[in-house]
Amino acid sequence: MTDASQNTEYDVVVIGAGPVGENVADRVRAAGLTAAVVESELIGGECSYWACMPSKALLRPVVARADARRVPGLAAAVQGPLDAEAVLAHRDYYASYWKDDGQAAWLEGIGADIHRGTGRLTGEKRVTVTAPDGTEHHLTARHAVALCTGSRAVVPDLPGVDTARPWTSREATSAKQVPGRLVIVGGGVVGVEMATVWQALGARVTLLVRGTGLLPRMEPFAGELIAEALTEAGAEIRTGASVAAVHRPAPDGPVTVELGDGERIEADEILFATGRAPRTDDLGLETVGLEPGSWLTVDDSCRVEGSDWLYAVGDVNHRALLTHQGKYQARVAGAAITARATGTPPLETGPWGAHAATADHAAVPQVVFTDPEAAAVGLSLAEAERAGHRVRAVDYDLAGVAGSGLYADGYRGRARMVVDLDREILLGVTFVGPGTGELLHSATIAVAGEVPIHRLWHAVPAYPTISEVWLRLLETYRG
């Protein structure tokens, strides 16, 4: 740890030590630049302690049991309830018990200096770190400052919400016991994943969705199949529902959720899964002519528009709010920072170049780890049509693939590929069904690589696997 009581100069200063900030630091250090990383919470960030890792640790036993219940000879052995205490302990392990010693050691191991405290811009290439004891440390960047502070959950401003102690994604993934009754507001990824977890662990879940269905950014059949499964599991899903107020008269008592039509629902906890906002409120953006609290607009190298030294990487640029996509941006930004710092010409900033995060526009993959899983990359049919492409959607019932029947009795799922008819390449692919998350990378390669349909025909899927759906989709397209 550097003696940061003195003014210190580095080639690069990174604010935020989540996976994105860690990767920026790693890339520039690997190129021989010096780097400081500033963090006000736990090194490892949201993903490690309150999002990706704990949520997937909670979901894995749920999905494994669901899969086992569909296998003859095994189903009878797994009909009992999950061991909630063991599941939560498994979660605690994968959240490193909310300690960041290992992550800090890794950062120090690559030669990055860690500065604990709140980092704020105080002018061009200048960052002031306020340590927990109030000491101010002043850092100067020779080449770049990278803002990697991520996003936070948004809780709507409703009557009573300030005293209702609502859950956000953080509380939902770190809760120490199973609530008897849980109301979840929001039908996006966090809402459906947490509904899957807590319903399976014994909570009575009510999911309130303002729109007409779940997962509105994916193909409609994804939300439909997941809603069907959640309902069969015992969750109640209400669409077209809005929350007007929340009441919790006693701090440790139940919460009452008042709906827009006047109906009231009583629960033990309420989770708002209603969107994200950038963590840029207290970054000193005003000192460099930017608006505090705003998303930051960047070019494809993740450099903030109008600046030659400030980068915004990960959630803060609002391009793709996913950990793996933020880490991808970090690799691109780290390469671009290094190239500009060392004067290595020319930068490859054209589509799919080494210094361009092109996948943010064309090939963003995402898996929703519910039962069934939903996995998608690229554009949905509606997005492709809105973008003006001449496209055709090719659908196939995953239950018709031999590997699916072997995977689970009564397999239910669906696949879709969106074909650009002018170029005969794939613009998007969606799979929904048990075990489909592991199919996604093949689709990502096809979309990112712009692999022509005629060449995909020669990519032979092994029999009998669920991946054989690729052959069936291509056959359906060819007629």
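## Close-up views of a predicted model

**View 1. Thr436 sits in a loop between β21 and α13.** Here we're at Thr436, in the loop that runs between β21 (425-433) and α13 (440-448). Helices (H or I, at least four residues) and strands (E, at least two) are DSSP runs, numbered from the N terminus. This is a predicted model, where local features need pLDDT of at least 70 and side-chain atom pairs count only at pLDDT 80 or more, while totals for chains, interfaces and linings use all residues. Residues are numbered from 1 along each chain as its sequence is written, and side-chain values use heavy atoms, with hydrogens and water left out. Is Thr436 buried or exposed? Thr436 is buried, at a relative accessible area of 0% (buried means under 20%, exposed over 50%, partly exposed in between, with a 1.4 Å probe and protein chains only). Leaving out residues up to four places away in sequence, Thr436 touches Glu373, Ala375, Leu398, Tyr411 and Phe431 (contact means heavy atoms within 4.5 Å).

View 2. Side chains of opposite charge can pair when their charged atoms come close. The structure has 33 salt bridges, each a side-chain nitrogen of Lys or Arg within 4 Å of a carboxyl oxygen of Asp or Glu. In this one, the side chains of Glu41 and Arg170 meet at 3.0 Å, N to O. The two come from distant parts of the chain, 129 residues apart: Glu41 is in the loop between β2 (35-39) and α2 (45-50), and Arg170 is in helix α6 (residues 169-174). Glu41 is partly exposed at 29%, and Arg170 is partly exposed too, at 21%.

**View 3. Lys176 reaches Asp92 in another salt bridge.** Their side chains meet at 3.9 Å, N to O. Lys176 lies in the loop between α6 and β8 (181-185) and Asp92 in helix α4 (residues 84-94), so this pair ties together parts 84 residues apart in sequence.

View 4. The N to O distance here is 2.9 Å. Both residues belong to helix α15 (residues 469-478) and are three residues apart, about one turn of the helix. Glu475 is partly exposed, at 33%. Elsewhere, salt bridges that share partners join Glu41, Glu46, Arg170 and Arg279 into one network.

**View 5. Leu214 belongs to the largest nonpolar core.** A nonpolar core is a set of buried Ala, Val, Leu, Ile, Met, Phe, Trp, Tyr and Cys residues joined through side-chain atoms within 4.5 Å. This core has 38 residues, and Ile184, Trp198, Val205 and Leu214 touch the most other members. The elements giving two or more residues to this core are α3, α4, β8, α7, β9 (204-209), α8 and β18 (373-378). If you skip neighbours within four places in sequence, the contacts of Leu214 include Val192, Leu207, Ile226 and Leu230. A second, separate core of 33 residues includes Tyr411, Val419, Leu440 and Val447.
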